[in-house]
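Okay, everyone, thanks for coming. Let me put today's chain up on the screen.

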Amino acid sequence: MASERPGRLKGDELEQYNLLLEEQADPFEQKAIQAHEANLQRMRQGLWNDWIRRSVWALAELAPGKYGKHEQREDSYDAPF
């Protein structure tokens with residue numbers, strides 16, 4: 001989604017391009033969320049490591065409405081929720 005846009009696109013064309021790009025990127029984003037959620041399940045097993053911490057932060061970026069809740073932050077885990 002952060003890729004460079006063609007310079008010749010303006011107005012409605014650019015908006016259409018962005019919508020199509022978002023549509024095509026969505027399945028990849030959903031798979032990434034699923035992979036990070038699987039890693040997050042390891043916390044229930046009492047595990048905590050750098051990869052789980054990275055998954056916590058990635059989920060806060062990918063799904064902020066669900067995982068980006070700062071008011072419940074656990075500083076000892078350095079997690080965004």
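I'll go through the confidence, then the helices one by one.

So, this is a predicted model, where local features need pLDDT of at least 70, side-chain atom pairs count only at pLDDT 80 or more, and totals for chains, interfaces and linings use all residues. Residues are numbered from 1 along each chain as its sequence is written, and side-chain values use heavy atoms, with hydrogens and water left out.

On confidence: pLDDT is the predictor's own confidence in each residue, from 0 to 100. The chain averages 87, with 85% of its residues at 70 or more. Helices here are DSSP runs (H or I, at least four residues), numbered from the N terminus.

Now H1, residues 11-40. Its 30 residues should span 44 Å at 1.5 Å a residue, and the end C-alpha atoms are 41 Å apart, which agrees; the expected span is 1.5 Å times one less than the number of residues. There's a bend of about 35° at aspartate 26, with proline 27 following within four residues. That angle is between axes fitted to the seven residues ending there and the seven starting there.

On to H2: 13 residues, reaching 18 Å from first C-alpha to last, close to the 18 Å expected. Asparagine 49 caps its N-terminal end, with a side-chain oxygen 3.0 Å from the backbone nitrogen of tryptophan 51. Buried residues of H2 include Ile52, Val56 and Leu59, and what covers its buried residues includes H1 and H3.

How values were computed: Helix = DSSP H or I, 4+ residues; strand = E, 2+ residues; numbered from the N terminus. Buried < 20%, exposed > 50% of the residue type's maximum accessible area, 1.4 Å probe, protein only. Contact = heavy atoms within 4.5 Å. Polar contact = N/O pair within 3.5 Å; in protein donor to acceptor, adjacent residues only side chain to side chain.
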